[in-house]
Amino acid sequence: MKNVMKYLMVVWVTLIGGWSASAQWNSGYVNVRFSLPEIALVDIEPDLGNVEFAIAAPGVAGGEPVVEHVSNETVWINYTSAILKNGSRRSINAQISEGSIPDGISLYIQASVASAFGSENQGSPVGKVQITSQPHPVISGIGSCFTGDGIGKGHEIQYFLEISDFEQIKSIGEQVFTVMYTITDN
């Protein structure tokens, strides 16, 4: 009986072992596909709509008028970019899209270094740039990246209004113009 039990045990181990060994060799496959479109999105935060300056009369006769930055809100530019494989880097350009800057006045924009939030390959600020009706880069070298969405993410934008030629200035009351930002391939 002992030999019979040994024999049955060997047969049982052989059957179970063979069955589990064959189960390890079976496999199935699933193809997984996805696509990532080229992405180029830009946004200004907060959506406040206005940056305001005033040119005040000097305190004394013969003095130079003073440019005052009336609004003190910080403005941030956020973007998302996915470029094609071996594609070129991108830039964010600014230009006056509606209205015009009065003669004798110049508008400058300067972007800060990107905040620590977001991914790698964010762009670099170009420096202080005069804005006209023609597009001028304010951030360059943008790869596939994201800055995050909201205040404190991306690049802080500072605006500077300067009197460039006082002889051309005319009293005109309130003047409104729009700055448009566009993300473009280099």
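Colleague: Which residue of β9 does Asn-93 stand opposite?

Modeller: In this predicted model, Asn-93 stands opposite Pro-137 of β9.

Colleague: What makes β5 and β9 a pair of strands?

Modeller: At least two bridges between two strands are required. Strand β5, residues 90–98, is joined to strand β9, residues 136–142, by 4 bridges, so the two strands qualify as a pair. They run antiparallel.

Colleague: How do you know that β7 is paired with β9 as well?

Modeller: There the count is 2 bridges, joining β9 to strand β7, residues 124–125. The requirement is at least two bridges, and therefore β7 and β9 also count as paired. This pair, too, is antiparallel. Ser-124 has Ser-140 as its bridge partner in β9, and Pro-125 has Ile-139.

Colleague: In what order do the strands of the open sheet stand?

Modeller: The sheet has 4 strands in the order β7-β9-β5-β12, and the pairing is antiparallel.

Colleague: Why are β7 and β12 said to stand at the edges?

Modeller: Each of them, β7 and β12 (178–185), has a single partner strand, so one side of each lacks a neighbour in the sheet.

Colleague: Let us turn to Gln-122. Where does Gln-122 lie?

Modeller: Gln-122 belongs to the loop between β6 (105–111) and β7.

Colleague: Why is Gln-122 called buried?

Modeller: The term buried applies under 20% relative accessible area. The relative accessible area of Gln-122 is 15%, so Gln-122 is buried.

Colleague: With which residues is Gln-122 in contact, leaving aside its neighbours within four places in sequence?

Modeller: Those residues are Tyr-79, Ala-114, Ser-115, Phe-117, Gly-141, Cys-145, Phe-146 and Thr-147. Thr-147 is 25 residues from Gln-122 along the chain, and their C-alpha atoms are separated by 7.1 Å.

Colleague: What makes the approach of Gln-122 to Phe-146 a polar contact?

Modeller: A polar atom of the Gln-122 side chain lies 3.3 Å from the backbone oxygen of Phe-146.

Colleague: What share of the residues in the chain is buried?

Modeller: Of the 186 residues, 24% are buried. The chain exposes about 12,800 Å², with carbon and sulfur atoms supplying 55% of that area. Among contacts with a separation of 6 or more, 76% are between residues 24 or more positions apart.

Terms used:
Residues are numbered from 1 along each chain as its sequence is written. This is a predicted model: local features need pLDDT of at least 70, side-chain atom pairs count only at pLDDT 80 or more; totals for chains, interfaces and linings use all residues. Side-chain values use heavy atoms; hydrogens and water are left out. Buried means under 20% relative accessible area, exposed over 50%, partly exposed in between (1.4 Å probe, protein chains only). Contact means heavy atoms within 4.5 Å. A polar contact is a pair of N or O atoms within 3.5 Å; within protein, one must be able to donate a hydrogen and the other to accept it, and residues adjacent in sequence count only if both atoms are side-chain atoms. Accessible areas come from the Shrake-Rupley method with a 1.4 Å probe; for residues, only the protein chains shown count as cover.
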